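Please keep the sequence and the coordinates in view while reading.

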Amino acid sequence: MIKTPYINPFSNDAKEIVSRLGQVDTLDKRNDSLMVIVNHTRGQNLNDPHTLPETLKGLALARFEWFLFRKTSETQEKKYEYLFNPEIYEYDVVSFYLLCQAVAIKFGPDSHEAKMVLDCEEEIISQRLEILKAEPNDFQSSFLRKALNQLIDTNNIYWTDLKEVLDLGKLDINELLLSNGRLVLEYEDFIAEYGDLIHNRDPRTMYEVTAGVRIKSKLLLGLIRLYTKQYIETVYEMSKRMVEPNQILLDLADDIKEAQQKAQSLKYGVAGSSNYIDDKPINYELEAFPPCVRKCMDGIKSGGRNDAIVLFLTPFVSYSRLCPGIFSRQEQNIKISDVDPSLDITLNEIIPMIYDAAESCSPPLFKDQPQEKININSKLGFGLHSELKLDNEGETHWYTPMSCEKIKLHMPHLCTPSIDCKKIGNPLTFYNRKRRLMKKDNENRQVEENGD
Amino acid sequence: MEIELKPASNYERKIFYREEWDVKDVPDFVMDSLTSREFGFDHFGQGPNDRYKTFQDALRLKRFIKAKQPFASYCSVAYYDNPKQRKGWQKSELVFDVDAKDIPIRTCDCKEGEVCDICLNQAKEIVLMIRDVLKGEMGLKNINMVYSGRGYHVRVIDDNVMEASSELRGQIVQYVIGAKQPDLTNSLGFTNLQHFIIPFGYSKNFTKWSKYTILHLTKDSKLDNVNKKLLNDVIKHRDVLKDDLWGAFRADVGPRRFEKVMAAVSRINMNITDTKVSIDLKRILRLPSTLHSKVSMKSTLIKNIETFDPFDDAVPNFVFERK
Ligand code: SF4
Ligand SMILES: [Zn+2]
């Protein structure tokens with residue numbers, strides 16, 4: 001029998017468990033009944049007994065490690081099989097709260113670590129819900145109903161009550177069935193609302209396809225993420241008034257940091273190399289940027305900041321790095337992920353360069369116009385979202401750099417042509433031509449130097 | 001009567017503000033929150049660079065406007081603790097801006113930047129559809145429609161949505177104008193589920209907007225990834241959509257090409273309103289009751305949108321006196 005706290009750490013019974021089992025002094029004591037559950041989990045890899053958690057603190061760290069390393073190999077995964085044994089639910093809940101407290105106290109609610117704990121919890125619960133899918137649909141549906149109703153009323157909830165969940169960007173408003181602002185979430189409400197509209201099709205199937213278990217799961221995950229975030233914020237606020245943070249929590253925080261550093265060095269161990277074909281990413285050659293781009297990168301001091309950064313700089317900086325040859329390609333309709341599949345370059349080089357320029361404007365662009373971050377994402381092809389995510393790619397179009405003519409028309413102050421501007425019609429063409437010239441120059445110089 | 005949309009002269013502007021404009025025509029939804037709003041003015045037709053203005057009461061607003069006779073007047077969609085410095089943001093109206101000159105599927109012969117009764121009427125059809133979604137599915141209250149001078153603003157003053165972030169507003173806009181293809185992948189093994197089969201929810205909304213867009217395409221429309229031949233085929237076969245025969249339309253165009261068309265259509269839908277305006281929490285919008293000097297029209301709060309006609313209800317008196 002699966003208990004709700006296994007899926008929802010914010011259910012009432014979960015809170016009861018925490019007050020029963022969460023005594024501070026037991027957290028780093030060897031916990032025999034935990035070890036029994038771990039050792040008796042089906043499919044559990046028992047080859048490295050010393051890596052198995054013996055305490056609640058150890059279990060908290062194990063949750064985090066699973067999240068960091070789960071993708072590294074098959075055996076790694078089986079190492080944490082006990083996390084997906086429903087019997088662990090009581091200890092699991094306590095260790096979840098431990099994890100939240102540790103990052104809240106040591107790193108604060110806005111830290112990268114806190115965000116990772118949110119992601120980690122979401123992943124664990126998703127995985128558990130995935131396993132739940134082996135059960136009959138009826139069971140899943142009523143189980144989710146029970147879990148959700150600990151947090152909201154699934155027969156009477158308005159989308160405007162879920163603004164904070166929607167804000168997390170994991171659940172989109174267009175996935176919700178809405179009638180007069182109210183969510184249609186349960187089957188009986190679905191039939192009452194839309195039953196008359198459905199002909200020649202099985203209503204239950206229509207329900208499952210458009211709402212059903214899928215949306216209930218997403219909503220539950222969203223609510224849990226929100227509650228976790230709020231919990232971390234609360235703990236952080238309280239900790240500011242605390243004299244001496246608990247040593248167990250501080251130790252756990254150190255362990256978390258260490259695990260995370262290990263994961264990072266695994267990830268970035270192999271350095272990438274770049275080659276010089278022009279419809280593939282090439283490294284920036286800043287000396288070859290045209291005058292208008294340089295001017296914009298120094299920040300816009302007078303009016304017209306928005307258009308300069310969003311409409312002008314964003315396309316240039318992205319295409320010049322990822323696909324400078326765009327205009328000589330047959331197919332001009334490309335997506336960023338076609339050339340930067342992991343978005344590593346986009347997130348680590350392009351966005352920072354745009355943000356730097358925005359920051360250099362006076363006043364700094366995002367200070368009074370934070371929504372321009374969304375507009376930038378949208379011009380890169382990722383829809384109207386504050387977070388740049390692969391899921392949203394294609395909702396908008398990746399804007400190509402505008403022509404000199406357009407620039408002169410709409411942002412005349414940017415264009416202060418140099419001699420190299422004579423032969424070109426687009427700043428990107430300027431860049432490509434200039435790079436070629438610079439390379440030639442370089443070779444000539446080398447020939448001269450060597451020729452002597 | 002044929003009305004020409006030409007700029008107002010300085011003299012006409014003066015006459016308008018002296019004789020016609022009345023502070024009582026400023027909508028209640030602005031007056032009720034007057035002291036929380038930022039005002040902005042364009043005195044010389046070069047953009048609203050006189051900003052950070054505030055007014056304590058109707059009298060002061062009236063005096064200022066009567067005295068300055070501004071080229072254009074705006075007020076913030078945002079409410080602030082301290083509007084003079086745009087600090088202490090409390091909430092913002094949810095707005096949709098449909099500018100007739102920017103509708104991507106105009107069927108008239110207007111050149112860039114121009115508007116006429118045909119595209120203005122299209123703008124009206126669009127805001128009506130927007131209002132229906134806001135009211136029906138979203139369940140929002142206090143939805144105000146304003147004629148802006150060259151199009152329409154939908155301004156929602158409902159506390160349930162006024163604290164929404166830019167991100168959430170982005171989602172709302174995409175929903176309301178059908179700007180995203182519905183994700184119909186599912187775990188139940190339905191591989192060929194089409195949005196037009198689903199008579200409710202977002203799919204229904206997307207289908208409705210897409211129908212509107214496809215029926216308004218012209219042979220000069222620009223669709224991403226859709227070549228001339230495909231565009232012509234769409235136009236050739238689209239009439240069945242008037243009877244909602246989507247299955248037939250899809251079969252005529254061909255399923256793979258249909259997919260291409262729908263992807264492009266969703267992007268066109270996205271441009272039906274200016275999304276930048278909707279997600280900007282600190283925008284200023286033209287103040288209803290004031291003059292749009294570039295076209296000599298009054299920005300007007302609309303009492304009954306069904307019967308509203310800008311050429312009857314938003315033309316300042318001086319236009320009729322022109323020779
Ligand atoms: S001519 Fe073109 S490339 Fe040169 S500065 Fe002007 S806009 Fe930039
Ligand atoms: Zn027109």
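**Briefing**

A:Pro363 lies in the loop between α17 (344-360) and α18 (365-368) of chain A, where helices (H or I, at least four residues) and strands (E, at least two) are DSSP runs numbered from the N terminus. The peptide bond that leads from A:Ser362 into A:Pro363 is cis, with omega near -5°. The model is predicted, so that local features need pLDDT of at least 70 and side-chain atom pairs count only at pLDDT 80 or more, while totals for chains, interfaces and linings use all residues. Residues are numbered from 1 along each chain as its sequence is written, chains are lettered from A and ligands numbered from 1 in the order in which they are written, and side-chain values use heavy atoms, with hydrogens and water left out.

**Chain A: backbone and domains**

- A:Asn200 has a positive phi of about 60° although it is not a glycine, and A:Asn200 is placed in the loop between α10 (187-194) and α11 (203-210) of chain A.
- Chain A is assigned domain 1 (4-269) and domain 2 (286-451), with bounds that come from an automatic or database domain assignment.
- The C-alpha centres of domain 1 of chain A and domain 2 of chain A are 40 Å apart.

**Interface of chain B and chain A**

- In this interface 40 residues of chain B are in contact with 43 residues of chain A, contact being taken as heavy atoms within 4.5 Å.
- The area buried between chain B and chain A, that is, the accessible area (1.4 Å probe) that two parts lose on being put together, summed over both, is about 3700 Å², and carbon and sulfur atoms give 59% of it.
- B:Glu167, B:Gln171 and B:Phe200 supply 19% of the area that chain B buries against chain A, more than any other three residues.
- The rule finds two salt bridges across the interface of chain B and chain A, a salt bridge being a side-chain nitrogen of Lys or Arg within 4 Å of a carboxyl oxygen of Asp or Glu.
- B:Lys180 forms a salt bridge with A:Glu395, and the closest N and O atoms of this pair are 2.8 Å apart.
- There are also 16 residue pairs in polar contact across the interface of chain B and chain A (both at pLDDT 80 or more), where a polar contact is a pair of N or O atoms within 3.5 Å; within protein, one must be able to donate a hydrogen and the other to accept it, and residues adjacent in sequence count only if both atoms are side-chain atoms.
- On the side of chain B that touches chain A, α6(B) gives the most, with eight residues, and by class that side has 17 nonpolar, 13 polar and 10 charged residues.

**Domains of chain B**

- Chain B is divided into domain 1 (1-176 + 278-323) and domain 2 (178-269), and the contact takes 14 residues from each of domain 1 of chain B and domain 2 of chain B.
- The two domains of chain B bury about 1300 Å² between them, 63% of it on carbon and sulfur atoms, and B:Ile105, B:Met129 and B:Gln174 supply 45% of the area that domain 1 of chain B buries against domain 2 of chain B.
- Between these domains of chain B the rule finds zero salt bridges, whereas six residue pairs are in polar contact (both at pLDDT 80 or more).
- The elements that give two or more residues to the side of domain 1 of chain B that touches domain 2 of chain B are α4 (117-135) and α6 (166-176) of chain B, with the largest share, six residues, coming from α4(B).

**Salt bridges overall**

- Over all chains the count comes to 48 salt bridges.
- B:Glu93 forms a salt bridge with B:Arg155, with the closest N and O atoms 2.7 Å apart.

Definitions and conventions:
Ala, Val, Leu, Ile, Met, Phe, Trp, Tyr, Cys and Pro count as nonpolar, Asp, Glu, Lys and Arg as charged, and the others, Gly among them, as polar.
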